[in-house]
Amino acid sequence: MQELHAHEKVEGIYGYRQMKTNMNRIFKKKLQQKLNHKRIYRLMKIAGLQSVIRKKKKPYKRSIPQHVAENILNRNFKAEKPNEK
């Protein structure tokens, strides 16, 4: 039953691998033993729990700039007064 609460807590994102690490943190403190990933997978299957598969993010493509600003300062950053440049 505890995996059901943990699954609801993370809004169904956890699969059996992340659920295993989460459950082992809980059970290691209380029962002094670890749970196998196969047991977690089997319990999740019985309870009807499945992870939500998130969409893959597309890699960023660099584009050619359409307009390049003119170099007015020409690496001359010294100013006589504030707010001059």
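Colleague: How many helices and how many strands does the chain have?

Modeller: This is a predicted model, and in it the chain has three helices and zero strands. Along the sequence the pattern reads α-α-α.

Colleague: What is the confidence in the chain, and where is it lowest and highest?

Modeller: The mean pLDDT of the chain is 80, and 88% of its residues reach 70 or more. Helix α1, residues 2–9, has the lowest confidence, with a mean of 63. The highest is in α3, at 85.

Colleague: What makes up the largest nonpolar core?

Modeller: Seven residues do: Met19, Met23, Phe27, Leu35, Ile40, Met44 and Leu49. A core of this kind needs buried nonpolar residues joined through side-chain atoms within 4.5 Å. Two helices, α2 (16–30) and α3 (37–47), each supply at least two of the core residues. The most come from α2, which gives three. In soluble globular proteins, nonpolar side chains tend to be buried together.

Colleague: Which residues of α2 are buried?

Modeller: They are Met19, Asn22, Met23, Asn24 and Phe27. In the chain as a whole, buried residues make up 16% of the 85 residues.

Colleague: Why is asparagine 24 called buried?

Modeller: Buried means under 20% relative accessible area. Asparagine 24 has 12% relative accessibility, so it counts as buried. This residue is found in helix α2. Leaving aside neighbours within four places in sequence, asparagine 24 is in contact with Lys34 and Leu35. Leu35 is also one of the residues of the largest nonpolar core.

Colleague: How far apart are the C-alpha atoms of glutamine 18 and serine 51?

Modeller: They are separated by 9.9 Å, while the two residues are 33 apart along the chain.

Colleague: What is the phi of the residue just after α2?

Modeller: That residue is glutamine 32, and its phi is positive, about 60°. Most residues other than glycine have a negative phi.

Colleague: Why does asparagine 83 count as exposed?

Modeller: The cut-off is again over 50%. Asparagine 83 is at 82% relative accessibility and therefore counts as exposed. This residue also lies in the segment after α3. The phi of asparagine 83 is near 60°, a positive value in a residue other than glycine.

Colleague: What is the accessible surface of the chain, and what part belongs to carbon and sulfur atoms?

Modeller: It comes to about 8700 Å², with 52% belonging to carbon and sulfur atoms.

Colleague: Among contacts between residues at least 6 apart in sequence, how many join residues at least 24 apart?

Modeller: In this chain, 49% of those contacts do.

Definitions and conventions. Residues numbered from 1 in each chain as written. Heavy atoms only, no water. Buried < 20%, exposed > 50% of the residue type's maximum accessible area, 1.4 Å probe, protein only. Helix = DSSP H or I, 4+ residues; strand = E, 2+ residues; numbered from the N terminus. Contact = heavy atoms within 4.5 Å. Areas by Shrake-Rupley, 256 points an atom, 1.4 Å probe, with all protein chains shown as cover. pLDDT = per-residue confidence, 0-100.
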